[in-house]
Amino acid sequence: MIKRVFIGLFFIILLMVATALGLDRWISWKTAPFIYEDVTSLPHRQVGVVLGTAKYYRTGVINQYYLYRIQGALNAYNSGKVNYLLLSGDNALQSYNEPMTMRRDLIKAGVDPADIVLDYAGFRTLDSIVRTRKVFDTNDFIIITQRFHCERALYIAQHLGIQAQCYAVPSPKNMLSVRVREVGARLGALADLYLMKREPRFLGPLVPIPAVHEVPEDAQSYPAVTPEQLLDLEEKLQK
C-alpha cells in the first residue's frame, strides 16, 4: 500500500515537472520570432526599455547580467536603433536604486542625459512592461535583457496586446541555477496573467516619451521622472 502511494506521488511529481517544462518551452517558441541577437538586424523603435538588475552580486563582485544589459543598451543607442532609453528597475530602498545606477553608467559611457528616462517602479517584469505602455505611452518598443528574460517579458507584452521586440544580450556561462529559477518565474507570470490578472503596484501620471511633463508635488509615490526633472532636482540638492 505504501509502495503504491509513493509510486503515485512520483508520477504526480513527474507530471507536474513535465507540465512546467512544457509551458517553459511553449513560451520560448511563442516569442522566438520577436527576439534579435544581432543589433544590425534589430528594427528601429523610439524607445529601448532596459530591464533592471543589481550591479553587484555582493560587495565588490560585479553582476555580469548587469554589464551585458548596459552594453546592449549602448549598442542599441549608438547604432541608432533606439532614440531613448527607458531604465526600469527597483527603487524600493534608498540604498538600492537600479534606474539611477544604470543612468550613471550610461552617461559615463556617452549617452546624452536628455535621452534617458527613469522608471523607478519596475519592481517586476510585468510592472516594467505595463508601465511602459500605460505611464510612458509607448506601445511599440525594444526590450533589452538576456534571452530567457526576453521570452517572459515578450509573452507578457503579447498577452496584454502590447507590441514589443527584444534585443537579447549575452548571458554569463554559468547560469544553470538562474535558468531553473526562470521556469518558476514563468509559471508565476502565467498565474499573474490568467489567474490573478495583476496590475503594476504603481502607475502614476502619464509621461509620454519624449515629451516633458511637470510632475505635481502631490503625485502618488514612484512617479515617472524625466531626465530634465532629475537634473533640476540634482541642482537643487547641490545648493
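In this predicted model, Lys197 is found in the loop between α6 and α7 (227-238). The phi of Lys197 is positive, about 50°, although this residue is not a glycine. Lys197 has a relative accessible area of 60% and is therefore exposed, since the term applies to values over 50%. A second residue that is not a glycine, Asp137, also has a positive phi, of about 55°. Asp137 belongs to the loop between α4 (125-134) and β7 (140-146). With a relative accessible area of 43%, Asp137 is partly exposed.

As a whole, the protein contains seven helices and eight strands. Of its 239 residues, 46% are buried. Among contacts with a separation of 6 or more, 72% are accounted for by residues 24 or more positions apart.

Helix α6 deserves attention next. Two packed helices are described by the angle between their axes and the distance between the axes. For helix α5 (residues 147-159) and helix α6 (residues 176-196), the packing angle is about 5° and the axes are 10 Å apart. Helix α5 is therefore roughly parallel to α6, as angles under 35 degrees are counted in that way. On the side of α5, the contact is made by Phe148, Glu151, Arg152, Tyr155, Ile156 and His159. On the side of α6, the contributing residues are Val178, Arg179, Glu182, Ala185, Arg186, Ala189, Leu190, Leu193 and Tyr194. Sorted by class, the contact of α5 with α6 has nine nonpolar, five charged and one polar residue. An α-helix has 3.6 residues a turn, so residues three or four places apart point the same way.

Which side chain forms a polar contact with the side chain of Glu182? The partner is the side chain of Arg152, at 2.9 Å. Glu182 is located in helix α6, and its relative accessible area of 2% makes this residue buried. Leaving out residues up to four places away in sequence, Glu182 touches Phe148 and Arg152. Val180 is also placed in helix α6, but Val180 is exposed, with a relative accessible area of 53%. The C-alpha atom of Val180 is separated by 9.9 Å from that of Leu21, and these two residues are 159 residues apart along the chain.

Helix α5 also takes part in a covalent link. The protein has one disulfide, which joins Cys150 to Cys166 with an S to S distance of 1.9 Å. This pair links distant parts of the chain, with Cys150 in helix α5 and Cys166 in strand β8 (residues 163-169), 16 residues apart. The link of Cys150 and Cys166 is left-handed, with -60° about the S-S bond. Both Cys150 and Cys166 are buried.

Attention now turns to helix α3. Is helix α3 (residues 98-108) largely enclosed or largely exposed? Eight of its 11 residues are buried, so α3 is largely enclosed by the rest of the structure. The buried residues of α3 are Glu98, Pro99, Met100, Thr101, Met102, Arg103, Asp105 and Leu106. At the start of α3, a side-chain oxygen of Asn97 comes within 3.0 Å of the backbone nitrogen of Met100. After α3 comes Gly110, with a positive phi near 110°.

Ser88 lies in strand β5 (residues 82-88). The relative accessible area of Ser88 is 1%, and this residue is therefore buried, the limit being under 20%.

Definitions and conventions: Residues are numbered from 1 along each chain as its sequence is written. This is a predicted model: local features need pLDDT of at least 70, side-chain atom pairs count only at pLDDT 80 or more; totals for chains, interfaces and linings use all residues. Side-chain values use heavy atoms; hydrogens and water are left out. Axes are lines fitted to C-alpha atoms, for helices over the stretch in contact, and angles run from 0 to 180 degrees between N-to-C directions. Helices (H or I, at least four residues) and strands (E, at least two) are DSSP runs, numbered from the N terminus. Angles under 35 degrees count as roughly parallel, over 145 as roughly antiparallel, 65 to 115 as roughly perpendicular and the rest as oblique. Contact means heavy atoms within 4.5 Å. Ala, Val, Leu, Ile, Met, Phe, Trp, Tyr, Cys and Pro count as nonpolar, Asp, Glu, Lys and Arg as charged, and the others, Gly among them, as polar. Buried means under 20% relative accessible area, exposed over 50%, partly exposed in between (1.4 Å probe, protein chains only). A polar contact is a pair of N or O atoms within 3.5 Å; within protein, one must be able to donate a hydrogen and the other to accept it, and residues adjacent in sequence count only if both atoms are side-chain atoms. A disulfide is a pair of cysteine sulfur atoms within 2.5 Å.
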